[in-house]
Amino acid sequence: MTNTIADVTHESDVILLVGSNPEEAHPVLGMQIRQALQRGAKLIVVDPRDIGLSKQATFHLKLKPGTNIAFINGLMHVILEEGLEDKDFIAQHTEGFEALRDMVADYTPERVAEICHVDAGELRAAARLYAKADKAPILYCLGVTEHSTGTEGVMSLANLALLVGKLGRPGCGVNPIRGQNNVQGACDMGASPTDFPGYQKVTDPEARAKFEKAWGVSLSDQPGMYATDCFPAMLEGKIRGLFIFGEDPMRTDPDTHHVQKALNSLDFLVVDELFLTETAKMADVVLPGISYAEKEGTFTNTERRIQRVRKAVTVPGNAKPDTWIFTEIMRRMGYDQPHLTPAQIMDEIASLTPSYGGVSHARLDSDEVAGQGLQWPCPTADHPGTPILHVGHCVRGKALFRPAAYTPSAELPDEEYPLIMMTGRILYHYNACAMTDKTPGIVELAGGSFIEVNDQDAAKLGITDGETVQVSSRRGVIETTARVSSKTSPGECWMPFHYMDGNCNWLTNAALDRIARAPEYKVCAVKIAKL
Amino acid sequence: MSLLHVTIDGIPVDVEKGTTILQAAEKVGIQIPTLCYLKGLMPDGSCRICTVEIQSRGRSKMDTACSAHCSDGDVIFTESESVVKARRGILDMLLSNHPTNCFTCPSNGECKLQDLCYQYGVEKTSCPGEMTNLPVDDSNPFFTYDPKLCILCHRCVNTCHKIVGCGAIDTMERGFESVISPAFGMPWRESNCESCGNCTAVCPTGALTSKRKKTFRPWQIQKKVRTTCPHCAVGCQYDLLVKDNKVVAVEAADGPSNRNTLCVKGRYGSFDFVHSDRRLTDPLIKDRSTGEFRKASWDEALDLVATKFKAIKQEHGNGALAGFACSRSTNEDIYMLQKMVRTCFGNHNTDNCARV
Amino acid sequence: MIKICDNAALDLRRADARKALESYECRILVCAGTGCIASGSQVIADTMRELCKELPNVTVECSGHVPHIGVAQTGCQGLCELGPLVRIEPWHYQYVKVKPEDCAEIVEQSVLQGKPVERLFYRDQKDQLCPKPEDIPFLAKQTRIVLEHCGNIDAVSLDEYIAVGGYEALSKALFQMDPDQVVDEIDRSGLRGRGGGGFKAGTKWKQVAAHKDADVKYVVCNGDEGDPGAFMDGSVMEGDPYKLIEGMTLAGYAVGATEGYIYVRAEYPNSVARLHYAIAQAEEAGLLGDDILGSGVSFHLHVNRGAGAFVCGEGSALTASIEGNRGMPRTKPPRTVDQGLWERPTVLNNVETYANVPDIVLKGSDWFHTIGTENSPGTKTFSVTGSIANTGLIEVPMGTTLREIVYDIGGGIKGGGNFKAVQIGGPSGGCLTKEHLDVGLDFDSVKKYDAIVGSGGLVVMDEHTCMVEVARFFMSFTQRESCGKCSPCRIGTKRMLEILERIVAGKGTMEDLDKLEEIAKFVQKNSLCGLGKSAPLPVISTLKRFREEYKEHITIKKCAAHVCEALKLYKIDQEKCIGCTKCARNCPVDAITGSVKKPHAILVNKCIKCGTCLSGCPVGAVHIE
């Protein structure tokens, strides 16, 4: 997030919520958005599905899945057409405006209405509401990113914010609500084939030299492979040994058959886990790691806030801290990695990662920080952290407009598979339920998989609410329970991705975003049949 | 703006216009007891326990400190004879409709009504009469509502409406029959309640109680460990309550992104898994011929991993290995994993589950 | 309806309306107040219309020389006890208790010939005939400002309202005064809120007007008349709805509010229907809505129905209810004038207060001060009920004594009994006794005697009233109607009621009496809202004035008024009893002993006081001691 949660929810006049259902996926943020609405802030929901907040929204633009870019270009078209852009901001802080202007010129509200299945008048009104607001943040989530054009969707949102100068100010910004607790941290820490910690490029000789010096080894000058690209590489025999730390691709990755085949083709699979997950079952060696309640460390939340994780209880059985496991493997593979405490590891991180330069466990535990964490960039030990990015000027100097044209999703419905299926999260569960399904009350409240089917589609198929149905795609077949409503539009359905039984990822498409290589979880073609 | 000068229990204090007496008292470290008051919200003013005596322009009056604004020259008494009398009267009334079988109450020892009765020496009610006798709502898997223990302070209602923004519950019926309930008196479980439990956290008595409380008493908690919720990326701060090396409950903290609130996953679904009997406790090595796992020592398992990885690297080159990190784990873990991949696997084939 | 575009058009319209009214050679005014409708006035009106329709020669206007006859349904004429009321103009005959079968005679005699039907006239206490309204003492002693047109004009006819001077005040304000002058005029008039508190309306208006930068302000009318036995506001809303609408429009202009809400209890379907109709008419005529009378001023009015909670008469509970929330009072500050409805500056007054506004604006504050007392100028409406000869709606100058109301206007105690007390100010008011008969009633004087003027309910009680039972009755009402928010009122009223129930059941103790007084003072002092603070008033004032009655109930188990069932002592007069054994045979609990043809006796311990023996005794030997 460019801004903080409190800032977004306390300062904003209008909230533009795109492809995000915070009431369920980020409930505490959802609560704060509801507070903002009680305070009088207005809400624009852009989502193919009725979410809880759409009832309270001034506009709910129930667009067709996979058409975000056309929609955002349409908003920008209206803003330019009506002269609502921030001319001073564009002149002083951006470059590439002409290219954007030329590109969005084609996206008339009428054309966008046709692509996105929304009302042109509402699109215009929404554009005005967002553009004219003094303070208006864009909040977005996986509904924008989990598409084959996800990165371009994000860029388009950034274009939109730049166009109206809503960046670098309180109550504004472009704010991704990150999915998992430490997905921000995982990216910051360099768990990435292209970046060292702190987004230092592996292809940058200077950066490489720095890490080579610090680690005492020579490092490859070639970027690595994205996880989602690794699976095809396994099938091709390019990747032969894999270490998986705490991930369960057998549950969470798209096209489970494909994942299964890939993992089976490996020479050697090691999984470091808390539980014998579906993925761990396929491993040659399973190493018992420890949970957040048993270790010291830090998480970095969606607002770039580094906060402490503290040990509350001791480890069960012979399970070992994960850093101990990694260190032991490194040592046994011939690299002389000393055993470090988490605090010492953070010191090493700080020494190599400019944006974490001022972070240490001691500082996070101090009275100075007072339990408020530190928001990166925090380059030095006396730097207070950075709540809002791009204040005064953009981080890269001048912001660059990166116009993106609309291209349809990779797999579109056809006669055989006539429905678009989206996937998402529900309030009660977390991802593959590895944690949440150990709480009986949660299982009682939300025990089983289901698919939300549009009532008109259901009527045509003769499906009633609560009926068990068969859902199939080109990649697989599952059975699940139909929930019939008008939450989705005709021709569209929606499934939660948490459940082992009736796991939607047997159906999803492993088509990847061209740039960030995220799978297109949000659009695949399926058919539903009575049993 | 010019400041207002008031005196509270003999201590002079300058406040801005619009400051309540409660806020002014807090400024000078004077604690006025409250039951229904929730910081940051409009005062509910229903319990009346924060009543104070105010001498203003030659007249003496009683008012509630949570709602009354200071005016210049006010002389305020927070524990005068008439204040104590009023408070005793309120406790007397509340106690006339509140069972005193505290031994079996889950909130024994952390009940604000109990504390205040102790503080003001109210042992039992002086005006016994009919008591609320409505059934307990046990339908929610995580908490119960017992109308008999409810003092109608509306903290739960105000929390649900104004902080959580859910509005699942409200006061039903009128007068003495008043009770907290989801719409139309439906069971909690069937309402639009999101089971976040923020209502239970603010209940001053045992009326709204987490079912977890059955497993411990407040004084058995050996430590409270401040940490970050492991679910979504909001990064809520909370305390893990530990009894006998086991996390038994979670208490919300005033974290920058959660401000004392939590969701159902954070409050109830974030620690059972830690103590699950399905946890892995030993390294496992698979017999490729049978497909069965067997327990192994760390040395055996780690040596096997190192040997195999080295062999693959030697045979197929540096690019043949990869390591995925978990975006649910700590920064320190992830840093070490990518370091392992880069230094030992000899490539950059590392990633995390950000995309999936 | 043709839109009235400006001031001149309004004058024209008034002239036309007057002409039309005067052209009626005969008008039959049938009271359509809730009381008269309950006693059958709708049938009377229908019958009258039917009869007049069938009259030869009374058909259409073109036969100009034949009499025009209008049958109008008016608002409450006041004498609810004597309904249905019918008045025949221009002869000014006031008929009472009219039955459908009387209609033909009225048409025959009065409508066609102008002759009176004497048997339908009211007879006063001295048996004198009262042919005209002003002959009836009940009406003669009143001063009517608020109720001026009630009963005299067709309640829903905008033209009739205009004809009698309606909207003169609004046009004066819009075209001759700026908003601040209107506020000043109201402020100088000293008009005090008629809803109970007696707070100065002008002060509220000034404070709301001072919020110059508010995006929207509201004018809200409290028509949630919840007191049992009160029907003043209902009478205005159904009898002269345009007066209320004009008053609120003036308020909107004065304080700069563009939206108004009238909160009416759903139990007033007549009021709701007539307000809806009148608002639509006024809007159509250009007297409400956008650009009123071409002045550029806008004011929109909405009607909200309450769901019958007494507490919604409290201002913050009322605004909460309009917002769609549970009607519960909140703490202040913020005050309604600063953050009322939807947290915007809000003027909140009751119906009667707004109904005073047009006359004050038109005639000036000095005129208003000529009526009433110095600190409580103007009049006050009361609904007089209970053990009084004439029950009904009255309006008298502030400062009128209780004696004038009870004896001169009300005609004294029903059945010639003795005056004991009045309950004034509704269930949360207090009681005044004989010693207060000569106290002039106004906001300040009544407060001195632990009572309130309230909205103006007056329940007259004679010596057959048990004051403990009265207190119990009112406490059961306030307990039931307590919103349940604050602990003193929610639990305190319940505990008081329990004690009162014990006392009337003969189970009270002297400790109970002390506890009752203690809780009453506690609730009065510590409750959140005005309703809670005043809920114990019936107990406090009866304890103060009739403590002996309480004591008798407790110590000698006696209810002097013979009201409390449990304390009735049934006895058989040994002289009168003929020993027929009927009572013994009928007694459901075998509490009567005695041999045949010998005097019987009742076993006090067994008797359940069902009264079977009393009603069955052929010789009247059973009596209550």
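In chain A of this predicted model, strand 1 (residues 14-18) runs parallel to strand 2 (residues 42-46) and is joined to strand 2 by five bridges; strands here are DSSP runs of E of at least two residues and helices are runs of H or I of at least four, both numbered from the N terminus, and two strands are taken to pair if DSSP finds at least two bridges between them. Within this pair, V14(A) has K42(A) of strand 2 as its bridge partner. Helix 8 of chain A, which spans residues 120-132, packs on the sheet and touches strand 1, strand 2 and strand 3 of chain A, with a direction at about 125° to that of strand 3; contact between two residues requires their C-beta atoms, placed from the backbone, to lie within 7 Å, and angles, which run from 0 to 180 degrees, are taken between the N-to-C directions of lines fitted to C-alpha atoms, for helices over the stretch in contact. The sheet itself is open and consists of five strands of chain A in the order 3-2-1-5-6, with parallel pairing. Strand 3 (59-61) and strand 6 (174-176) of chain A each have a single partner strand and stand at the edges, so one side of each lacks a neighbour in the sheet. From one strand to the next, the twist averages 15°.

Residues are numbered from 1 along each chain as its sequence is written, while chains are lettered from A, and ligands numbered from 1, in the order in which they are written. Since the model is a predicted one, local features need pLDDT of at least 70 and side-chain atom pairs count only at pLDDT 80 or more, whereas totals for chains, interfaces and linings use all residues.

Further along chain A, strand 12 (residues 297-300) directs G297(A) and F299(A) one way and T298(A) and T300(A) the other way, and all are buried; a residue is called buried if 20 or more other C-beta atoms lie within 10 Å of its own, exposed if 12 or fewer do, and partly exposed in between, with C-beta atoms placed from the backbone. Strand 12 of chain A is joined by four bridges to strand 13 (residues 305-309) of chain A in an antiparallel arrangement, in which G297(A) stands opposite V309(A). The hairpin made by these two strands has four residues between them, and R304(A) takes a positive phi near 65° there.

Strand 18 of chain A (residues 468-472) has V469(A) and V471(A) on its covered face, and T468(A), Q470(A) and S472(A) on its uncovered one. This strand pairs with strand 19 (residues 477-485) of chain A in the antiparallel sense over five bridges, T468(A) having T481(A) as its bridge partner, and a hairpin of four residues joins the two strands. Strand 18 of chain A also pairs in the antiparallel sense with strand 23 (residues 524-530) of chain A, over four bridges, and here the bridge partner of V469(A) is K530(A).

Between chains, two pairs touch, and the most contacts are found between chains A and B, where 122 residues of chain A and 102 residues of chain B take part. Helix 16 (residues 322-332) of chain A contributes eight residues, the largest share of the side of chain A that touches chain B. That side comprises 66 nonpolar, 35 polar and 21 charged residues, where Ala, Val, Leu, Ile, Met, Phe, Trp, Tyr, Cys and Pro count as nonpolar, Asp, Glu, Lys and Arg as charged, and the others, Gly among them, as polar. Strand pairing also crosses from chain A to chain B, as strand 9 (residues 241-245) of chain A pairs with strand 15 (residues 321-325) of chain B in the parallel sense over four bridges, with F243(A) opposite G323(B).

Chain B also meets chain C, with 28 residues of chain B in contact with 27 residues of chain C. Strand 4 (59-64), helix 2 (81-96) and strand 7 (169-172) of chain B each supply at least two residues of the side that touches chain C, and helix 2 of chain B gives the largest share, six residues. By contrast, no contact joins chain A and chain C, and their closest C-alpha atoms lie 11 Å apart.

As to confidence, the predictor gives the complex an ipTM of 0.93 and a pTM of 0.90. Chain C has a mean pLDDT of 90, with 97% of its residues at 70 or more, pLDDT being the predictor's confidence in each residue, from 0 to 100. Over residues 57-68 of chain C, however, pLDDT stays under 50, and the model has 11 contacts beyond four places in sequence for these residues.
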